[in-house]
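Please examine the structure shown here before turning to the explanation. The commentary then leads through it in steps.

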Amino acid sequence: MGTPCMSCGNIAGEISRFLSDNGIEHEVTIIDGMPLLRTSHGADILPLTIDATDPAAATECRKAAERLIGHMEKRPLVIAQDRWIKDGEIFRKRLLAHLGRFRHIYARNCEVRRIRKDVAEKFMDACHSYGSAVSRYRYGLFLKKAQGGADAGTMVAAATFSNGRLMPRNGKVYRSFQWIRYASVPDIRAVGGMGKIIRHFISEDAMQANADDRLRPDFGGWDIMTYADLEWSDGRAYRETGFRAEGMKSPVMYAVSTEDWHRRPLSRIHEKRHMTGPDVPADMQADVQADMQADIQADMQADIQADMQADIQADMQEGAPQWDTLFIENFGSIRYRLLIPYDKKADI
């Protein structure tokens, strides 16, 4: 199965102790030099230490992990070192929730409301792995009555969406939106929350905006696109909400500073230092900034990666303390799309 990433076991002990402290039975096994934690809850955990000092080494570690995952019946939770350190208590609550330790909240006891930009940003920064991102539409899921230890009026989940753009598809044009973020309070599972928010968005905003679209003879309807990060999810929640898988998005290479353990996509660093000309148009900013897992082109050559790495080192040397810069390549993501056809007869 190839050469393993021998260092990926460094955080396995920390995760194992955390599970034991919370009464979760598990065993640690070593497969091809990589640790795997098998829990009594039926979920496997694959810890990944970040110690690659160049992108090539990070790619090898990702490939070694994928070879291991390829021989497993069920995809494990991948816990990378930066998440474990940077997100602290919130990440640990998310892990416990995934293992069945969560408070139930039912969407039927909640209502969807529009929320301000600052409210959405604060919530996503606290509850989403990738933090907040630029968006056009923002919604919160609020309790109508006290439940699960939370008071009435508490926002237990939130979602953000981009503005819509006309996109051609199969001879028609569709008003296309991107579902940018969804997150719930880490130790709360809002059962039916995703579906309730997406239905509200479709009926109250997506289908009501740009009314002139319906006058076009080639208008096919609306669609909503999103991504499931394979580091944490296989997208089952999207499939249960009616989305269909459309394809894979390539793995993304990140630089990680040991100062703050924050991921910075190499593609973004490269664009920041080398893009010239006018600012990105406003109607593209949501897509650009929200897509934190942007595709790295398949034909990227070694000299481009070396150039980007040099950019990072230059940034680190501009009067800042000399922290280590490490690299991690994620596992890519699955692209999902929900299509809402336009029924012209029903609209008459």
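The paragraphs below treat a sheet and its helices, the nonpolar cores, the aromatic contacts and some backbone angles.

The structure is a predicted model. Strands of a sheet pair through backbone hydrogen bonds, in either a parallel or an antiparallel sense. Here, strand S3 (residues 44–48) pairs with S4 in the parallel sense over 4 bridges, and Leu 46 stands opposite Val 78 in S4.

Several helices may be described next. Helix H2 (residues 55–70) contains Ala 64, which counts as buried because its relative accessibility is 5%, under the 20% limit. Ala 64 lies 30 residues from Met 34 in sequence, and their C-alpha atoms are 8.7 Å apart in space. In helix H4 (residues 88–98), the buried residues include Phe 91, Leu 95 and Leu 96, and also Arg 92 and Arg 94. The elements that cover the buried residues of H4 include H1, S3 and S4, together with helix H3 (81–86), helix H5 (117–127) and strand S11 (188–191). H4 is followed by Gly 100, whose phi is positive, near 95°.

Which residues touch the most other members of the largest nonpolar core? Among its 58 residues, these are Phe 161, Trp 179, Ile 198, Phe 201 and Ile 224. With residues up to four places away in sequence not counted, the contacts of Phe 161 include Tyr 137, Tyr 139, Trp 179, Ile 198, Phe 201 and Ile 224, as well as Ser 135, Arg 136 and Gln 178. A second, separate core of 17 residues includes Leu 37, Leu 77, Ile 79 and Trp 232.

Phe 161 also belongs to one aromatic cluster, whose members include Tyr 137, Tyr 139, Trp 179 and Phe 201. The charged end of Arg 136 sits over the ring of Tyr 137, 4.7 Å from its centre. Likewise, the charged end of Arg 83 sits over the ring of Tyr 130, at 4.5 Å from its centre.

The count of aromatic pairs comes to 18. One of them joins Phe 219 and Trp 222 in an edge-to-face arrangement, at 5.3 Å centre to centre and with 85° between the planes. The rings of Trp 222 and Tyr 342 have their centres 5.9 Å apart and their planes at 85°, so this pair is edge-to-face as well. It links distant parts of the chain, 120 residues apart: Trp 222 is in strand S12 (residues 219–229), and Tyr 342 is in the loop between strand S17 (333–341) and helix H11 (344–347). Both Trp 222 and Tyr 342 are buried, and Phe 219 is buried too.

Finally, the backbone angles of two loop residues deserve attention. Most residues other than glycine have a negative phi. Asp 32, however, has a positive phi near 50°, and its place is in the loop between S1 and S2. Trp 261 has a positive phi near 55° and is found in the loop between strand S14 (253–257) and strand S15 (263–265). Asp 32 is partly exposed, with a relative accessible area of 38%, whereas Trp 261 counts as buried at 14% relative accessibility.

Note on methods
Residues numbered from 1 in each chain as written. Predicted model: local features only at pLDDT ≥ 70, side-chain atom pairs only at ≥ 80, totals over all residues. Heavy atoms only, no water. Pairing = 2+ DSSP bridges. Core = buried A, V, L, I, M, F, W, Y, C linked by side-chain atoms within 4.5 Å. Buried < 20%, exposed > 50% of the residue type's maximum accessible area, 1.4 Å probe, protein only. Contact = heavy atoms within 4.5 Å. Phe/Tyr/Trp six-rings, centres within 6.5 Å; stacked < 30°, edge-to-face > 60°. Lys NZ or Arg CZ within 6 Å of the ring centre and 35° of its normal.
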